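Good morning, and thank you for coming. Please look at the structure on the screen while I take you through it.

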Amino acid sequence: MTLRLNDDDNAKLRDVAEREGRSMHEIAVAALREYFARHEEFRANQVRRFLAEDAELLELLSR
């Protein structure tokens, strides 16, 4: 896979990688993993909220 960034994002990524002493690849992979974890947590929270808020409706529908 090739990741194409605009010049500004590429410069920011390079700066972060240099400051942290890590590769640009490591920074990008870590950012993706963090995004995936937050997205999964968000979805799980949405499902929990739906189940709590609509418990009565779901009970009626299950009959």
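I begin with the pocket. H2 gives the most to the lining of the largest pocket, namely seven residues. Helices here are DSSP runs of H or I with at least four residues, strands are runs of E with at least two, and both are numbered from the N terminus.

Before going on, a note on the source. This is a predicted model, in which local features need pLDDT of at least 70 and side-chain atom pairs count only at pLDDT 80 or more, while totals for chains, interfaces and linings use all residues. Residues are numbered from 1 along each chain as its sequence is written, and side-chain values use heavy atoms, with hydrogens and water left out.

A pocket is an open set of points on a 1 Å grid over the protein atoms alone, where a 1.4 Å probe fits, with protein on both sides within 12 Å along at least five of seven lines; lining residues have an atom within 4 Å of a point. Among the lining residues are Met1, Leu13, His25 and Leu32. By class, the lining has 10 nonpolar, two polar and no charged residues. Ala, Val, Leu, Ile, Met, Phe, Trp, Tyr, Cys and Pro count as nonpolar, Asp, Glu, Lys and Arg as charged, and the others, Gly among them, as polar.

Finally, the chain as a whole. How many helices and strands does the chain have? There are three helices and zero strands, running α-α-α from the N terminus. The radius of gyration, taken over C-alpha atoms, is 20 Å, well over the 11 Å that the globule rule (2.2 Å times the number of residues to the power 0.38) gives for 63 residues, so the chain is more spread out than a compact globule. Along its principal axes, the C-alpha trace spans about 60 × 20 × 20 Å.
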